[in-house]
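User: I would like to learn how to read features in a model like this one. Please take me through it step by step.

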Amino acid sequence: MSASQWLWLAALSVLWGGSFFFTGYAVREIDAVTLVFFRVALAALVLLPLVYARGLSLPMLGAAWIPFAVMAILNNVIPFTSMALGQARIESGLASVINATTPVWSVLLLHLFTADERLTWNKFIGVLLGAGGVAILIGPTAFGGLNAQLTGILFLLITTGSYGCAAVWGRRLRGIPPVVTAASQLTASAIVMLPLVLIIDQPFAPGGLLSGTASWPSPTLIGAVVALAVISTACAYLIFFHILSVSGPANAMLVTLLIPISGIALGALFLDETLLPRHFIGFAVIATALIAIDGRLLRSMRPATE
């Protein structure tokens, strides 16, 4: 990749690493489902004007929305909600480390459900290493019952598994302008999340966020939610799809190696979080798994043939 493409990749890692920081702060004051609704709704409001400013439009027919609705559930509704629920129980830095297992899920699911993305030996080794890295992250908590940390880790694994399913489904959306895909799935996500907020979090009930008895959200909370929606969702999607179109999916996947760096740093600096040594060892194993899945480093080490 060129230097400019690496800069875009680094920028994306900071924006997506920031999503764990903003979520980690926001879930201290707001319910998870409500947070996700505001995240997708505000992000959709940011991207919709860009769609029409570029002379494009959203799908018009009801049936045309089905692929975007499925993508919304797999890429936003399930992973964003499980991420918020998980981060209410574990550190944001650890959550960003577990998020690095997303390509492991993607490789495995693409092998199972597609005909042209088969599991090669280096990808198979990567999957095994990824599973080993997760085992190291869980550590002794697996033997202590379903405690808060283990529950949080399981929620984050649901997040990464859902992202893997989205990678399989997203192949159906090839050829559609990226900004249309992002805006459409976020709009569909907001529509899906609205009744869930009313049923689960009940914001209008006594003590709820939108009840007359609730205290007004703090400026810091409002800032965290807006930053999560605008910076770490809307802007991040635009950069991600730019990298995807210019550098291809293999290079875009490299961002998962960089996200934990910013996620851990932000959590340590602003949320007073600390990770255990096994968490860093687990990340090192997961990073090795991603390098094996990517395959380029291994290919560069092979001797040239005549």
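User: Where is the place of Gln-202?

Analyst: A note on the model comes before that. This is a predicted model, in which local features need pLDDT of at least 70, side-chain atom pairs count only at pLDDT 80 or more, and totals for chains, interfaces and linings use all residues. Residues are numbered from 1 along each chain as its sequence is written, and side-chain values use heavy atoms, with hydrogens and water left out. Helices are DSSP runs (H or I, at least four residues), numbered from the N terminus. Gln-202 sits in the loop between H8 and helix H9 (219-247).

User: What is the phi of Gln-202 near?

Analyst: Most residues other than glycine have a negative phi. Gln-202 has a positive phi, near 50°.

User: Is Gln-202 buried, partly exposed or exposed?

Analyst: Start with the cut-offs. Buried means under 20% relative accessible area, exposed over 50%, and partly exposed in between (1.4 Å probe, protein chains only). Gln-202 has a relative accessible area of 42%, so it counts as partly exposed.

User: Which residue with a positive phi follows H11?

Analyst: Asp-272 follows H11, with phi near 55°. Asp-272 is not a glycine. Its place is the loop between H11 and H12. Asp-272 is exposed because its relative accessible area is 69%.

User: How many residues does H11 have, and why does its span agree with expectation?

Analyst: The expected span of a helix is 1.5 Å times one less than its number of residues. H11 has 16 residues and should span 22 Å; its end C-alpha atoms are 22 Å apart, so the two agree. The buried residues of H11 are Val-255, Thr-256, Ile-259, Pro-260, Ser-262, Gly-263 and Gly-267.

User: How many residues does helix H5 have, and what does it reach from first C-alpha to last?

Analyst: H5 (residues 102-113) has 12 residues and reaches 16 Å, close to the 16 Å expected. Its buried residues are Thr-102, Pro-103, Val-104, Ser-106, Val-107, Leu-109 and Leu-110.

User: Which helices do the buried residues of H5 pack against?

Analyst: They pack against helix H4 (92-99), helix H6 (121-138), helix H7 (148-169), helix H11 (255-270) and helix H12 (277-294). Thr-102 counts as buried because its relative accessibility is 13%. Contact means heavy atoms within 4.5 Å. Leaving aside neighbours within four places in sequence, Thr-102 is in contact with Thr-160 and Tyr-163.

User: Which residues have the most contacts inside the largest nonpolar core?

Analyst: In soluble globular proteins, nonpolar side chains tend to be buried together. A nonpolar core is a set of buried Ala, Val, Leu, Ile, Met, Phe, Trp, Tyr and Cys residues joined through side-chain atoms within 4.5 Å. Here the largest has 74 residues, and those with the most contacts inside it are Leu-12, Trp-16, Leu-35, Leu-94, Ile-98, Leu-186 and Met-193. A second, separate core has 6 residues, including Phe-68, Met-71, Trp-169 and Leu-173.

User: What does Leu-186 touch?

Analyst: Not counting residues up to four places away in sequence, Leu-186 touches Val-40, Ala-43, Ala-44, Leu-47, Asn-76, Thr-233 and Tyr-237.

User: Which residues form a nonpolar patch on the surface?

Analyst: Patches are made of residues with over 30% relative accessible area and no salt bridge; like charges are joined within 9 Å, nonpolar side chains (Val, Leu, Ile, Met, Phe, Trp, Tyr) within 5 Å. A salt bridge is a side-chain nitrogen of Lys or Arg within 4 Å of a carboxyl oxygen of Asp or Glu. Accessible areas come from the Shrake-Rupley method with a 1.4 Å probe; for residues, only the protein chains shown count as cover. The patch is formed by Leu-194, Leu-196, Leu-198, Ile-199, Ile-200, Phe-204 and Leu-210, with about 680 Å² of accessible area together. One of these, Leu-198, lies in helix H8 (residues 178-201). Leu-198 is partly exposed, at 42% relative accessibility.

User: Which residues are in contact with Thr-34?

Analyst: Thr-34 lies in helix H2 (residues 32-53) and is buried at 4% relative accessibility. Leaving aside neighbours within four places in sequence, Thr-34 is in contact with Val-197, Asp-201 and Leu-209. The C-alpha atoms of Thr-34 and Pro-203 are separated by 8.1 Å, with the residues 169 apart along the chain.

User: What separates the C-alpha atoms of Pro-140 and Ala-10?

Analyst: They are separated by 34 Å, and the residues are 130 apart along the chain. Pro-140 lies in the loop between H6 and H7 and is exposed at 57% relative accessibility.

Conventions: Helix = DSSP H or I, 4+ residues; strand = E, 2+ residues; numbered from the N terminus.
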